[in-house]
Amino acid sequence: MTILITGGAGFIGSHVVRLFVETYPNYHIVNLDALTYAGNLENLKDIEYKSNYTFVKGDITDEGFINDLFEKYKFEGVIHLAAESHVDRSIKDPLAFVKTNVIGTMVILNAFKNLWKNNFDNKLFYHVSTDEVYGSLGQTGLFSETTSYDPNSPYSASKASSDHFVRAYGETYGMPYIITNCSNNYGQNQFPEKLIPLFINNIINNKPLPVYGDGNYTRDWLYVKDHAVAIDLVFRKGKNHETYNIGGFNEWKNIDLVKLLCRQMDEKLNRPKGSSEKLITYVKDRPGHDLRYAIDASKINKELGWKPSVTFEEGLDKTIDWYLSNEDWLHHVTSGEYQSYYEKQYSH
Ligand code: NAD
Ligand code: DAU
């Protein structure tokens, strides 16, 4: 079986690529990635010479290139992760999100549909999406697979749009598909623009920790390797034309999470208790900031037997250790463009 994984040089994608390459020697895994600021081949150094793995640099919005790629490799399965993924960047540059997340998904969908339209047997288009498409919860309740879409940011609106197109291709052309909507991931290789790696990097460098608003926003955190395991399970055993929600059963208010992170970092860095907490700085809120996300992951649990394998404390511990022992990685991704992004995002 030849499988296309898009966005495989990014955070979640690199964990999915590694899992597939290592677990399935009989699958040929093709990783297609444009290597934007978020894509990094250092994430896949350990598997780059495996015989069942091919990396292709390319942009999912480039229709001619994508059609040729599908003709060449005849992908029977697609796991589509390539996207612009950061909410703050989507507020500054929404069109970039429409281009990659909506148009790019359309280009991949079309190529897959045109290749197999006469016989979709044993084919699958797997679209990796987010819980943010459901909008924001109040203090109670959970997102289920039947919760209405209600996106609030340009990022989540672009992901919602791509989900709709995937579903529409399933209904209109009979294309086999599955969508998963997952909560906040954390772990090794996450670009330090997202809350946890940004704050780890700032603590290492004794820089302020910019908490948006009052910090009383809630997210449901999942260790990235557990997400990769869920994706593998759904790809092999999930039901055609279904959606599965994936979450960590692990809600944290931002400010409580940040304080836990600060305590763990003080210990790891042998700094006096309380030193990292002193770096907490409340800053201007994110516009349209969703109050709370929390996933009801009972469907994937009951139907496929999936559940997270690590506690948050264990996952955070592994994550911090990884960042502390991969200073080169952190240094490479925080030089250059990162500095001007940081200035623009946090200078007021
Ligand atoms: P990421 O930003 O770390 O990686 C995205 C990857 O896509 C990068 O390697 C980048 O180079 C590539 N890419 C971007 N534009 C491209 C283009 N035009 N053509 C080809 N490649 C391109 O993102 P991530 O956090 O790993 O998220 C991966 C997917 O999972 C996204 O679809 C995201 O919406 C979804 N998701 C993320 C989370 C999370 O917490 N990070 C949670 C749920 C769902
Ligand atoms: O829920 C899934 C989504 O989780 C994914 O689809 C997105 O790709 C991913 O980026 C993530 O979105 P969030 O906006 O929830 O993640 P982020 O790490 O940017 O922010 C987490 C929370 O922390 C959020 O309430 C905003 C807050 N925050 C974030 C940053 C970067 C801060 O308080 N300060 C910050 O500097």
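Angles under 35 degrees count as roughly parallel, over 145 as roughly antiparallel, 65 to 115 as roughly perpendicular, and whatever is left over is called oblique. Keep that in mind for the close-ups below, which all come from a predicted model.

View 1. As for handedness, the crossing of helix 6 and helix 10 is right-handed. Look for Ile196, Pro197, Ile200 and Ile204 on the helix 6 side. Facing them from helix 10 are Phe312, Leu316, Thr319, Ile320, Tyr323 and Leu324. Sort the residues of this contact by class and you get 9 nonpolar, 1 polar and no charged.

**View 2. Helix 1 packs against helix 7.** This pair is made of helix 1, residues 11–23, and helix 7, residues 224–237. The angle between them is about 55 degrees, and their axes are 9 Å apart. Helix 1 is therefore oblique to helix 7. This crossing is right-handed. Helix 1 brings Phe11, Ile12, His15, Val16, Leu19 and Phe20 to the contact. From helix 7 come Val224, Lys225, His227, Ala228, Val229, Ile231, Asp232 and Phe235. By class, the contact of helix 1 with helix 7 has 10 nonpolar, 2 polar and 2 charged residues.

**View 3. Val211 sits in strand 8.** Strand 8 covers residues 209–212. Is Val211 buried or exposed? Its relative accessibility is 5%, so Val211 counts as buried, the cut-off for buried being under 20%. Which residues does Val211 touch, once its neighbours within four places in sequence are left aside? They are Phe199, Ile255, Ile280, Thr281, Tyr282 and Val283. Tyr27 makes a handy landmark for this view: Val211 and Tyr27 are 184 residues apart along the chain, and their C-alpha atoms are separated by 44 Å.

**View 4. Two buried cysteines, Cys182 and Cys262.** Cys182 has a relative accessible area of 3%, so this cysteine is buried. Cys262 is buried too, at 1%. A disulfide is a covalent bond between the sulfur atoms of two cysteines. How many disulfides does the model contain? Counting pairs of cysteine sulfur atoms within 2.5 Å, the total comes to 0 disulfides.

Technical notes. Residues numbered from 1 in each chain as written. Chains lettered and ligands numbered in written order. Predicted model: local features only at pLDDT ≥ 70, side-chain atom pairs only at ≥ 80, totals over all residues. Heavy atoms only, no water. Left-handed = near helix turned anticlockwise from the far one by under 90°. Helix = DSSP H or I, 4+ residues; strand = E, 2+ residues; numbered from the N terminus. Contact = heavy atoms within 4.5 Å. Nonpolar A, V, L, I, M, F, W, Y, C, P; charged D, E, K, R; others polar. Buried < 20%, exposed > 50% of the residue type's maximum accessible area, 1.4 Å probe, protein only. Axes fitted to C-alpha atoms, helices over the stretch in contact; angles between N-to-C directions.
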